[in-house]
Amino acid sequence: MKDVDVGAVIAGKYVLVRLLGRGAMGQVWLGRHEVLHQDFALKLLVPPRKALEDEKTAHRRFENEAQIAAALSRRSRHVVAV
């Protein structure tokens, strides 16, 4: 992941508003959709450390996390939709 900062535009439509948190896999930002004027949480991945895991493994972990969150969000109003 390249260094990002407040005001950066991701995927041509999400403006980064503020950093919400960071962890081993990446950073979570509050992003605002430029056209819809709606807020979203955006998770940006940090490149994996070569010694720990390769990019393919990191991508698979991220997809697995998204699938689990999506399944949980259908069952509980306390989990964000993916």
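1. A quick definition before anything else: a pocket here is an open set of grid points with protein on both sides within 12 Å along at least five of seven lines, and lining residues have an atom within 4 Å of a point. Bear in mind that this is a predicted model.

2. On to the largest pocket, whose volume comes to about 470 Å³. Its lining consists of Val-28, Phe-40, Ala-41, Leu-42, Lys-43, Phe-62, Glu-65, Ala-66, Ala-69, Val-80, Ala-81 and Val-82. Strand E4 (39–45) and helix H1 (55–73) each put in at least two of the lining residues. By type, the lining has ten nonpolar residues, two charged and no polar ones.

3. Phe-40 turns up again in the aromatics. Searching the whole structure gives one aromatic pair. The ring centres of Tyr-14 and Phe-40 are 5.6 Å apart with the planes at 80°, so this pair is edge-to-face; the cut-off for that label is over 60 degrees. The two partners sit 26 residues apart, Tyr-14 in strand E2 (residues 14–22) and Phe-40 in strand E4, so the pair links distant parts of the chain.

4. How exposed are those two? Tyr-14 counts as buried at 17% relative accessibility, because the cut-off for buried is under 20%. Phe-40, at 30%, is partly exposed.

5. Two backbone spots to look at. Most residues other than glycine have a negative phi. Ala-11, however, has a positive phi near 55°, and His-37 has one of about 55°. Ala-11 lies in the loop between strand E1 (9–10) and E2, while His-37 is in the loop between strand E3 (26–33) and E4. Ala-11 counts as exposed at 61% relative accessibility, and His-37 counts as exposed at 54%.

Note on methods:
Residues are numbered from 1 along each chain as its sequence is written. This is a predicted model: local features need pLDDT of at least 70, side-chain atom pairs count only at pLDDT 80 or more; totals for chains, interfaces and linings use all residues. Side-chain values use heavy atoms; hydrogens and water are left out. On a 1 Å grid over the protein atoms alone, a cavity is a set of points where a 1.4 Å probe fits but cannot get out, and a pocket is an open set with protein on both sides within 12 Å along at least five of seven lines; lining residues have an atom within 4 Å of a point. Grid points are joined across faces, edges and corners, and a volume is the space filled by probe spheres set on the points. Helices (H or I, at least four residues) and strands (E, at least two) are DSSP runs, numbered from the N terminus. Ala, Val, Leu, Ile, Met, Phe, Trp, Tyr, Cys and Pro count as nonpolar, Asp, Glu, Lys and Arg as charged, and the others, Gly among them, as polar. Rings of Phe, Tyr and Trp (its six-membered ring) pair if their centres lie within 6.5 Å; planes under 30 degrees apart count as stacked, over 60 as edge-to-face and the rest as tilted. Buried means under 20% relative accessible area, exposed over 50%, partly exposed in between (1.4 Å probe, protein chains only).
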